[in-house]
Structure formats: C-alpha cells, structure tokens
Amino acid sequence: MKILCYGDSNTWGFDREHNCRIQQRWTKVLQSLCAKDEIIEAGLNGRTTTFDDPYNEHRNGRKTLPVLLKQHQPLDMLIIMLGTNDLKNVFHASEFAIAKGIRELIRTTRNPYLYEFDYKPPKILVVVPAPIHPDYKENESIMADFGDRGYEISLKLKDTYKDITDEYQCEYLNAGDFICAHNFDCVHISEESHIILAQKIKEKIEEIRIQEGL
C-alpha cells in the first residue's frame, strides 16, 4: 500500500528537549514495520487543520492537503493526525470547531475531482493526537500558547473526532489510549511514544488491509 502520513510536529518528529528531529519518529518506524508498503512523511511543524496562523505562514492543513494528494496519487490510505496546534489560544477553537476541521480534511480528500486517470480517493485513518500533558502549568511557554482551556479541550477531542469519523465512515485511532505528551514541554511526544504509536498504527493498518483486501 501507498500511505500518506499528514500531520504536524508530532508527525515531523520534533524533539523540543534537544531541538532536533527524532530519528525514530513514528513514520520512520512504521516504514520499517511495513516494509512492503510505501510510507510518505508529510509532517509540518505548527500545522493546523484549517486555521491560518497569524505568526507562521503556510500552516493551514486544508490548503496544502490537495497538493499532496495530487502529487502522490494514487494513494491507498491517508493518515491524519492533526489538532494540537488548533488548541492554541490565538484560535480560540472549541473541540467541536477542531473536529469540524478534521471533517473538512475528510471532505477535501474525498473530492473526486482531485484525482486523475480514474484514481480513487484513499481510505482515511484519523488519529486523535495525544492530549496536552497535565504538568502544562509548570511550562510558561505552553501556558501562554495553550493555557487551561487548551488542556481541557485536548482531553475532549477523542469524542468529537469519533463523532466525525463515525459520520463519515473513516477509521479511528485515539493516540491518548496508549501514549501521552512528554512532560518536558507537555505537547510533543517522546521517541519511546513514537515507537509505540507506530506499532499501534501498524496494527490498525493490518486490520484495514484485511477488511479492504488491500
């Protein structure tokens, strides 16, 4: 299968503690676990679902997704893990608004006019990002960017995302069931969590492969 992994810094593999890119990020580990598949990394630091960041250009996920879908067609699967940056105070978005952002990415992906040569839209797996770490109040930067409201909403995304994936019949995986954000900056996940996430996504891919005969 050809799989596009679309996300933010937790897909790109940002390591805030060492200010570098994690080598054992989940997309790379997934490629090693799914050696016969083609795993395409499309993570961008600061990416949102549908919001234009006034301080960082080109972060709106809805605007860049069509280009990647056309560039890499035909695709068998799209994995979306976005929503953490939508929690920032600057956007003042509710859990419902962020889920609507995921809905727009699903709708964009399923637009048949994006694809050429009778290629079909890919299967979609939505991964709910791990919530903000509960020690966030000890980090001044995270408090300034996300605050109490961002933390509380991060805990609710698993439910609003599930509503959207049920409505649109997409695959669903809640990362918060098995990993959490690192307590160093309370937003990014550790290398160990990347490895665990890759294994869980691989298991989900295998389920889908069997269901769809891919």
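Q: How many polar residues does the lining of the second largest pocket have?
A: In this predicted model, the lining of the second largest pocket has five nonpolar and five charged residues (Asp, Glu, Lys, Arg). A pocket is an open set of 1 Å grid points that fit a 1.4 Å probe, with protein on both sides within 12 Å along at least five of seven lines, and lining residues have an atom within 4 Å of a point. D15, E17, H182, I189 and S190 lie nearest the centre of the second largest pocket. The polar residues in its lining number four.

Q: Which element gives the most to the lining of the largest pocket?
A: The largest pocket is lined by 20 residues, with R16, N85, K88, D145 and H188 nearest its centre. Its lining has four nonpolar, ten polar and six charged residues. With three residues, the element giving the most is α5.

Q: How many of the five residues of strand β5 are buried?
A: M77, I79 and M81 point one way from β5, while L78 and I80 point the other way. Strand β5 (a DSSP E run of at least two residues) is largely enclosed by the rest of the structure, because the buried residues (under 20% relative accessible area, 1.4 Å probe) number five of five.

How values were computed. Residues numbered from 1 in each chain as written. Predicted model: local features only at pLDDT ≥ 70, side-chain atom pairs only at ≥ 80, totals over all residues. Heavy atoms only, no water. Buried < 20%, exposed > 50% of the residue type's maximum accessible area, 1.4 Å probe, protein only. Helix = DSSP H or I, 4+ residues; strand = E, 2+ residues; numbered from the N terminus.
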